[in-house]
Amino acid sequence: MLHSFRVIATVFGLALLAAATAGTSARAQERTVLVELFTSQGCSSCPPADSLLGKLAERSDVIALAYHVDYWDYLGWKDTFALPENTTRQRGYAQQANRDYLGRTFRGSFTPEVVVQGTDSLIGSDALTIQQRITAHSKSSAPVTVDLARTDTGLSVRLEPNGKGGPSANVMVAPFTPEARVEVGRGENAGRALIYYHVVSRLLNAGTWNGTEAKEYVVQGVDGPVVVFLQRGTNGRVLASAQLDD
C-alpha cells in the first residue's frame with residue numbers, strides 16, 4: 001500500500017527500470033538529475049522504492065538521495081534514520097511540487113514519494129514514470145557547473161555559470177551514507193532486513209549563489225560522501241547538482 005496522511009491506495013503494474021550504468025567519483029561534468037526519495041522503515045510499501053533508488057544511485061546521469069521521515073514511527077517502529085527536518089522538507093514539496101504525474105489526488109505527504117529535480121512529485125516505486133521525468137529533465141542545460149573537491153580547509157564547492165548563468169539559488173550540501181542494512185524489529189516491516197541507499201544524514205545551506213558570478217564556497221565539518229545541489233528557494237527547482245563519493 002501507498003502510505004499517506006489522507007490517502008491509502010494500492011499501486012499495480014510497477015515498471016522495470018532501465019539498466020543502470022556505473023557512476024563516477026565526482027559527477028559534475030555532465031547534466032545530472034536529482035532524485036529525492038522520501039521513505040520510512042515503518043512503511044510496508046517503501047522497500048520497492050528503496051531498492052529502485054539503489055539502482056538509480058548507480059547511474060552517472062542521476063544523483064539520488066533518500067530522506068527518512070518520522071511520521072510513521074507511531075506504527076510501532078522508530079526509523080533509525082528519520083529526521084524531523086526531512087518531514088518538514090517533504091511538506092514543503094507537498095505545497096509546491098507538480099503532482100500531475102501521480103495519476104491521483106494527494107493533498108498531503110505520502111510515502112514512498114520521489115521528487116525529481118525539485119519539481120515533479122511521483123510515486124517512489126513507479127520506475128517507468130520516474131525514468132520518463134529523468135529523461136525529460138536531462139534534455140535541458142544546466143545554468144551552472146558545480147565542481148567539488150577536498151581541500152585542507154574543508155569541502156570546496158566551486159560554481160561556474162554557463163553562458164549567462166541563471167536565477168539565484170541556495171547552495172545545499174547533503175552528506176549521505178551510501179548503503180546501510182537495518183533489521184526491523186517491529187511495525188509493518190517487522191522481521192525484515194532492509195537495505196537503504198544514499199541516506200541523507202543532514203542538509204546544510206552553504207549560502208546563496210547570485211546566478212551570474214563564479215564563486216567558491218568552503219564548507220567545514222563535512223566528511224565522506226556528499227551531494228551538493230543548487231535549489232530555488234527551499235523547495236523549488238533544482239538548477240544543478242554534483243556528487244563526491246569520498
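Visitor: In which loop is Gln117 found?
Guide: Please keep in mind that what we are looking at is a predicted model. Gln117 has a positive phi of about 55 degrees although it is not a glycine, and at 1% relative accessibility this residue counts as buried. As for its place in the chain, Gln117 is found in the loop between strand 5 and strand 6 (120–123).

Visitor: Which residue does a cis peptide bond join to Thr111?
Guide: The residue in question is found in the loop between strand 4 (110–111) and strand 5 (113–116). The omega angle of the bond is about -5 degrees, and the partner that this cis peptide bond joins to Thr111 is Pro112.

Visitor: Why can helix 1 be called largely enclosed by the rest of the structure?
Guide: The buried residues of this helix, which spans residues 47–57, include Pro47, Leu52, Leu53 and Leu56. They pack against strand 2, strand 3 (62–68), helix 3 (127–138) and strand 10 (193–200). Helix 1 is largely enclosed because the buried residues number eight of the 11.

Visitor: Which residues of the protein line the largest pocket, and which helix gives the largest share of that lining?
Guide: About 160 Å³ of space lies in the largest pocket, and its lining divides into three nonpolar, four polar and three charged residues. The lining residues are Tyr67, Leu83, Glu85, Asn86, Thr88, Arg89, Arg202, Leu203, Thr234 and Asn235. The largest share, four residues, comes from helix 2 (residues 84–96).

Visitor: Is Tyr67 buried or exposed?
Guide: Tyr67, which is one of the residues lining the largest pocket, has its place in strand 3. Leaving aside its neighbours within four places in sequence, Tyr67 is in contact with Glu36, Leu37, Phe38, Thr39, Asn86, Arg89, Val200, Leu203 and Phe229. Since buried means under 20% relative accessible area, the value of 0% for Tyr67 makes this residue buried.

Visitor: What separates the C-alpha atoms of Tyr67 and Phe176?
Guide: Along the chain, Tyr67 and Phe176 are 109 residues apart. In the folded model, however, the separation between their C-alpha atoms is 9.7 Å.

Visitor: Which residue forms a salt bridge with Glu36?
Guide: The count of salt bridges comes to six, and in this one the N to O distance between the side chains is 2.9 Å.

Visitor: Which parts does the pair of Glu36 and Arg89 tie together?
Guide: The two residues are 53 residues apart in sequence, and each lies in an element of its own. Glu36 lies in strand 2 (residues 33–39) and Arg89 in helix 2, so the parts tied together by this pair are strand 2 and helix 2.

Visitor: In which strand is the place of His198?
Guide: Phi of His198 is near 50 degrees, a positive value in a residue other than glycine, and at 8% relative accessibility His198 counts as buried. Among the residues in contact with His198 are Ala57, Ala64, Phe176 and Gln243. The place of His198 is in strand 10.

Visitor: How many disulfides does a search of the whole structure find?
Guide: Cys43 is buried, with a relative accessible area of 0%, and Cys46 likewise counts as buried at 0% relative accessibility. A disulfide requires a pair of cysteine sulfur atoms within 2.5 Å, and the number that a search of the whole structure finds is zero.

Definitions and conventions:
Residues numbered from 1 in each chain as written. Predicted model: local features only at pLDDT ≥ 70, side-chain atom pairs only at ≥ 80, totals over all residues. Heavy atoms only, no water. 1 Å grid on protein atoms, 1.4 Å probe; cavity = no way out; pocket = protein on both sides within 12 Å on 5 of 7 lines; lining within 4 Å. Points joined across faces, edges and corners; volume = space filled by probe spheres on them. Nonpolar A, V, L, I, M, F, W, Y, C, P; charged D, E, K, R; others polar. Buried < 20%, exposed > 50% of the residue type's maximum accessible area, 1.4 Å probe, protein only. Salt bridge = Lys/Arg side-chain N within 4 Å of Asp/Glu carboxyl O. Contact = heavy atoms within 4.5 Å.
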